[in-house]
Amino acid sequence: MPFQTKNRLAFLTSLALLFSYIEMILPKPLPFLRFGFGNIALLLSFDLPFTQFCLLVFFKSLASSLVSGTLFSPFFLISLFQSFLSALLMFLIAFLEGKSGKKLFSIFGISVFGSAVSAFAQIFCCSLYLGKGVLSLLGVMLIFNTASGIITAFFATKIKTSMKTDLLSQAPVNIMPLENEGSFLPKSGGFPLQFFIALVILCLSASAFFIKNICILVLMLLLSFTGQTLCKRKILILPHIFMWIFILISSVFEPMGRVIFKIWRLSITSEALLSGLQKSLRLSIAASLSQCAFILKPTENSLLFLILQCYKTMSDKFRSSKGNIFQRIESAIS
């Protein structure tokens with residue numbers, strides 16, 4: 001890959017990670033809802049060649065999953081699928097507009113369209129695992145994603161007009177050394193060991209989805225939390241609780257087995273609750289084990305390594321800068 005292309009992709013991907021970080025620290029209406037601010041970088045990148053745009057989408061999903069700790073869980077596959085589907089359709093709209101010379105959609109229209117497609121993709125993927133009960137949440141997701149698409153487009157236009165340089169030709173900011181705090185792996189090398197650890201994490205995560213016994217699943221979850229602690233990753237209980245509530249609610253919409261009690265016309269059945277509990281434990285195990293990927297370090301001089309270095313520099317400068325959010329973003333990427 002040419003050096004200039006590698007630098008451009010590293011910069012744009014780390015920019016997407018920065019926007020995702022900003023989204024994380026901003027207040028949200030509900031803890032499990034996401035605005036998708038990482039898509040701002042995609043909305044600013046439609047002038048990229050198609051191959052480079054696809055690489056941007058892939059590494060955006062890969063790097064964000066590695067940073068957030070979901071790489072070895074189904075959440076990564078869902079993120080990758082919905083990111084590619086919505087991003088490629090948005091790119092297609094922008095490409096056709098460029099070919100025809102007619103402006104059919106504004107950046108707001110393209111963003112809302114992408115957010116709606118993303119909602120369909122997420123609900124479809126979730127329904128494959130959680131059952132058809134989750135389809136009842138599609139309306140709520142579409143409403144929220146429409147609003148998030150408008151907000152994302154607003155930020156994209158503000159950032160594009162406030163930046164003094166062309167983002168597509170921007171080289172990465174001055175890169176600081178990538179710290180590897182909390183890792184027991186060597187600073188360089190160690191590829192066989194890292195590959196072995198990644199394989200173990202992947203196998204353990206996958207094995208949880210073949211286990212039905214609740215006691216064994218609880219034990220695996222406790223061991224996963226222990227591994228997460230040893231890797232010096234903080235255990236956040238609230239995301240697990242919200243995920244459990246979501247899964248259990250979606251499960252009761254598909255009654256199975258003996259009726260335990262009723263809520264108005266909704267029958268709460270034993271098999272549905274048991275199935276929901278199994279699914280919740282499996283996802284929590286995979287999510288907790290994925291946090292252990294924090295100890296893994298990309299190969300030096302690889303694109304992923306450069307992305308994480310660039311992101312660290314950006315996020316550090318964003319946290320230390322002053323002014324409104326747009327001024328802090330400009331300071332972070334200057």
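**Exercise 1. State what share of the residues in the protein is buried, and describe the fold along the sequence.**

Step 1. Buried residues make up 49% of the 334 residues in the protein, where buried means under 20% relative accessible area, exposed over 50% and partly exposed in between, with a 1.4 Å probe and protein chains only.

Step 2. This is a predicted model, in which local features need pLDDT of at least 70 and side-chain atom pairs count only at pLDDT 80 or more, while totals for chains, interfaces and linings use all residues. Residues are numbered from 1 along each chain as its sequence is written, and side-chain values use heavy atoms, with hydrogens and water left out.

Step 3. The secondary structure comes to 12 helices and two strands; helices (H or I, at least four residues) and strands (E, at least two) are DSSP runs, numbered from the N terminus. Read along the sequence, the pattern is α-α-α-α-α-α-α-α-α-β-β-α-α-α.

Step 4. Take the contacts between residues at least 6 apart in sequence: 72% of them join residues at least 24 apart. Contact means heavy atoms within 4.5 Å.

**Exercise 2. Describe how helix α4 packs against helix α5.**

Step 1. Two packed helices are described by the angle between their axes and the distance between the axes. Axes are lines fitted to C-alpha atoms, for helices over the stretch in contact, and angles run from 0 to 180 degrees between N-to-C directions.

Step 2. Helix α4 (residues 74-100) and helix α5 (residues 107-130) pack at an angle of about 150°, and their axes are 8 Å apart. That makes α4 roughly antiparallel to α5, given that angles under 35 degrees count as roughly parallel, over 145 as roughly antiparallel, 65 to 115 as roughly perpendicular and the rest as oblique.

Step 3. The crossing of α4 and α5 is right-handed. A crossing is right-handed if the near helix is turned clockwise from the far one by less than a right angle, and left-handed if anticlockwise.

Step 4. On the α4 side, the residues in contact include Ile78, Phe81, Leu85, Leu89 and Ile93. Their counterparts in α5 include Ile110, Phe113, Val117, Ala121 and Phe124. By class, the contact of α4 with α5 has 14 nonpolar, six polar and one charged residues; Ala, Val, Leu, Ile, Met, Phe, Trp, Tyr, Cys and Pro count as nonpolar, Asp, Glu, Lys and Arg as charged, and the others, Gly among them, as polar.

**Exercise 3. Repeat the description for helix α8 and helix α10.**

Step 1. Helix α8 (residues 214-230) and helix α10 (residues 270-291) have their axes 8 Å apart and pack at an angle of about 20°. That makes α8 roughly parallel to α10.

Step 2. The crossing of α8 and α10 is left-handed. Among the residues that make the contact are Leu217, Leu221 and Phe225 of α8 and Leu274, Leu281 and Ile285 of α10.

Step 3. The contact of α8 with α10 divides into 11 nonpolar, six polar and one charged residues.

**Exercise 4. Find the salt bridges of the structure and say which residues they join.**

Step 1. The structure holds two salt bridges, a salt bridge being a side-chain nitrogen of Lys or Arg within 4 Å of a carboxyl oxygen of Asp or Glu.

Step 2. One of them pairs the side chains of Asp316 and Lys312 (2.8 Å, N to O). Both residues lie in helix α11 (residues 303-320), four residues apart, about one turn of the helix.

Step 3. Asp316 also meets Arg319 in a salt bridge between side chains (2.5 Å, N to O). Asp316 and Arg319 are three residues apart in α11, about one turn of the helix.

Step 4. Salt bridges that share partners join Lys312, Asp316 and Arg319 into one network. Asp316 is partly exposed, at 30% relative accessible area, and Arg319 is partly exposed at 42%.
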